[in-house]
Amino acid sequence: IAIAIAIAIAITSSPTMVLTSITPKEERETVKSRAESSNMENNINHDNINDNINDNDNRSNNFGRTKRPLSSTLPLLFPLLLLLIIHPSSTNAQTITPGCSRTIDSFSFVELRSPNLQTYKQYTFCENRVYEVGRLDYSYNLLPGTGSPPIQLRPNLHIKCGATGKRENNCMILGGDLQLDGTSYFGGPAADLPLHNVTIEGFTFGVSSKNSGWFSKMGNITFIDCEWREHQEAVSPIYLDYFNASDTESRLEVNFIDCTFKDNVYFGEGAVPAIVSATGEQSTLHFERCTFTGNDFIFNNTNFLRNSFLIETSGDISLDRNCFLDNLIGVSPVVAYASNVNSTQNYGAVSDGRRCNFVSRFETQAQYDFFAPKCLNYEELTTCQSDITASPSMVPTQTPTGYPTISASPSAGPSQPFTALPTGTPSLPPPPTLTPTESAPTTPQPITSMPTVTSKPTEEGFVETTTTSPTSSPITTTPAPTSATQSSTRETTSSSSSSPFSEHSNRFWSCLYSVVAVTVVLMV
């Protein structure tokens, strides 16, 4: 709206070209001036020609130049104002594609301006795309032209690759000094807030120059189906650095589920000798169905017999069905300092350390000084368990406590135990009848005459009813029933069949209604 107002002011305050029609006199003057201009090449009087040219220039400069009043300009601005309101122009160079974020800047533009941090928010990054991260100076400022800023994590945040959040959707976050920021160093409205309820799903993080992820605030972060690969110049690919002396019960929990760590290499002296490093006791790690393969932490390591691991932690760690395949390690795949280690069905092949084949536990300072850890070995497994899921059992988990009951149909067996033979003749209910007074019909007889109205029973004890027109074949007589059946039949017939009195009564009332109706019409 502000841009539209500025354009309106500019238009109304500047002169506007208005095209006017050319009269025949002005046309003759124009033709004359052109002729005089062409005569310049024929050595005609230059002074007169110059005067004519100057006159023509003055006329052309002032030709049709008028100034519109404001009242005539405003109606033309209404469509422009409406267009700007409906389609506002963006001053940001990055645009947000509906459905997914094409750049880290477009994600940050929305998330860092979201005032509500208590609402769970989900963002989808576009599939088959590389997201380049930039370099930082010593003050953690992004160097211009090097790439996008780090992904700043905030509470109640879920970012995923593609609609399904799978690694196969191919979202690559590459390069840069820091790819995932879980610290307070970069400021912003959520710089000091804990990282509660953060989920990152389906990304591949590669070739960082310092850290792929740096987390120094309390909270819980979960990585699902992510991959870290070819970090060969990183100081520490994943670095947990949380400590709060005023709240020793607080924790930073980081979970890795179905993740892969592949082809990472130790950078050299000064770098952390592990892919994942948790320095404080208030950091907790959990690895579930993860794979470590092809990592080399002996290369460039002059002290690999004491400093060469894949996971290093001073906090509690849980390891569940992980696989360590073809890794070069000096000490052991995992090292734990004065922390609890929970291990379940972990498998290793060509990934034994020189000190311990799986976990090195330093429970006391003396053990560390003499470098004599307690060793925890791999479970005795023949294959990796990360891709194996429990098959459904064919045996029911609970035994039925009773026989099933079917309420829709009666039971076939007797409800009481058998005591003696039944006595007497069983009675069966009468079969269903087609009419209230008779049993099933026998073979129909041909129609010989119209039925007659009578109220007396025939010799066989049945009453023939009459209808306006026969709708079915007449019923033939059957042998006479018993006296009880005959009396009930008469009662039913007398109540169901119409008598001559009822028919005459109906005709009387019908005639009466017709007479009254005709009388009312004539009176009206």
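Author: Start with Cys-375, which counts as partly exposed at 42% relative accessibility. The scale is simple: buried is under 20% relative accessible area, exposed is over 50%, and partly exposed lies in between, with a 1.4 Å probe and protein chains only. Before going further, note that this is a predicted model: local features need pLDDT of at least 70, side-chain atom pairs count only at pLDDT 80 or more, and totals for chains, interfaces and linings use all residues. Residues are numbered from 1 along each chain as its sequence is written, and side-chain values use heavy atoms, with hydrogens and water left out.

Now the partner. Cys-356 is buried, with a relative accessible area of 1%. The sulfur atoms of Cys-356 and Cys-375 are 1.8 Å apart. They form a disulfide, a term that here means a pair of cysteine sulfur atoms within 2.5 Å. The torsion about this S-S bond is about -65 degrees, so the disulfide is left-handed. The pair links distant parts of the chain, 19 residues apart. Cys-356 sits in the loop between strand E25 (347-349) and strand E26 (359-362), and Cys-375 in strand E27. These labels are DSSP runs, numbered from the N terminus: helices (H or I) have at least four residues, strands (E) at least two.

Next comes Cys-323. At 0% relative accessibility, Cys-323 is buried. Its disulfide partner is Cys-384, with the sulfur atoms 1.5 Å apart. This link is right-handed, with 90 degrees about the S-S bond. Cys-323 belongs to strand E22 (residues 323-325). Cys-384 lies in the loop between strand E27 (374-376) and helix H7 (483-496), so the bond ties together parts that are 61 residues apart in sequence.

Move to Cys-100 and Cys-126. A disulfide joins them, S to S 1.9 Å. It is right-handed, with 80 degrees about the S-S bond. Cys-100 is in the loop between helix H4 (70-86) and helix H5 (104-111). Cys-126 is in the loop between strand E3 (121-125) and strand E4 (129-132). The two residues are 26 apart, in distant parts of the chain. Cys-126 is buried, at 7% relative accessible area.

How many disulfides does the distance rule give? The count comes to four. Number the bonded cysteines in sequence order, and the pairing reads 1-2, 3-4, 5-8, 6-7.

Which cysteine sulfur is closest to that of Cys-226? It is the sulfur of Cys-259, at 5.0 Å, which is too far for a bond. Cys-226 is buried, at 0% relative accessibility. Cys-290 also has its closest cysteine sulfur in Cys-259.

Finally, look at strand E18 (residues 283-288). Five of its six residues are buried. E18 pairs with strand E15 (residues 252-257) in the parallel sense, over six bridges. Pairing requires at least two DSSP bridges between the strands. Strand E21 (residues 317-320) also runs parallel to E18, joined by four bridges. Phe-287 in E18 stands opposite Phe-256. In E21, the bridge partner of Phe-287 is Leu-319.
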